[in-house]
Amino acid sequence: MTAGFMIKAILTPMYDCYRHMEPKTALVLSAGGMFGAYQVGAWRELSGWFRPDMVIGTSVGALNAWAIAGGCSPDELIRLWTSPIAGAFLQLRMPLFPLRGFFDRDSFSNHIQELYAAFRPRIPCGVVITDVLRRRPRLVQTEDIRWEHLAAACAIPVGVPPVRIDGRLYVDGGVLNAVPLWAATEMGAARAVVVNALPGLPTRALRVVVRALRSISPKALGPGKLDVVTIAPTTPLGSLTESVRWDHDTVLRWIERGAEDARRGMAALQAGRDPAQPVLQ
């Protein structure tokens, strides 16, 4: 056995152990419907600053998280969002039957399945969905994620019927918490970079409904001692209608806005902004 081989045999396990002991950083993507385009622009800039150890998302953030964890480049993700095909994700059902959902279920499911089939996680991925009966969030991780979980994560109540998985009904993961930081803690992260496309709900009526639902649900899980940096718009991205309707020019505008906020936030952090002030916006 050569000296070089012996050194490598000794140091490799030590390096692997050290690497696994390093604090993990999660990229956490919020709910937001079509506002998810903002996350794409932010990721285009963030990808030049750091590489996440894991990606976690809920609602539309789950779709972006799946693609990013699967190695989708920022440019490719932008192409997906700016393609007219993205408009089929939430396509109004005609005539409207509220009890069956306002959006076409087949179009919705087909879009989710195509995205699911296009990528496989290269780094850990977490998807947060909401258990309807228990009114609790559920985290589904990498190897357990199926296309149904991605569909459930985006199943907007009233808009899309709940998704049945293993005998239980699930809906949009953002209903109880638009930013599932607790999931980052559960997956072993010590730090999180959050891209929150929905810092506030777009209408008062929706805020009242969501607040009432959360009031009768078990207490939301907290992030623990997670260090957090948040990229978020300082003003609402758009109306409720815009959040569920794809428009090429609007998507481009949101992408650029996300990129601008991410650039500003990362520059402020690099310049030595007080780390005790976690929100960059």
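Okay, let's start with helix H5, residues 105-118: at 1.5 Å a residue its 14 residues should span 20 Å, and its end C-alpha atoms are 20 Å apart, so the two agree. The expected span here is 1.5 Å times one less than the number of residues, and helices are DSSP runs (H or I, at least four residues), numbered from the N terminus.

Quick note: this is a predicted model, where local features need pLDDT of at least 70 and side-chain atom pairs count only at pLDDT 80 or more, while totals for chains, interfaces and linings use all residues. Residues are numbered from 1 along each chain as its sequence is written, and side-chain values use heavy atoms, with hydrogens and water left out.

So which helices do the buried residues of H5 pack against? They pack against H3 (60-69), H4 (74-82) and H6 (147-153), with contact meaning heavy atoms within 4.5 Å. Buried means under 20% relative accessible area, exposed over 50%, and partly exposed in between (1.4 Å probe, protein chains only). Among those buried residues are Phe 108, Ile 112 and Leu 115.

Now, salt bridges: a side-chain nitrogen of Lys or Arg within 4 Å of a carboxyl oxygen of Asp or Glu. The whole structure has eight. In one of them, Arg 44 pairs with Glu 256, closest N and O atoms 3.1 Å apart. Arg 44 sits in helix H2 and Glu 256 in helix H10, 212 residues apart. Glu 45 and Arg 263 also meet, at 3.3 Å, N to O. Glu 45 is in H2 and Arg 263 in H10, so this pair ties together parts 218 residues apart in sequence. Glu 45 is buried, at 18%, whereas Arg 263 is partly exposed, at 38%. These four residues, Arg 44, Glu 45, Glu 256 and Arg 263, are linked in a salt-bridge network.

Technical notes
Helices (H or I, at least four residues) and strands (E, at least two) are DSSP runs, numbered from the N terminus.
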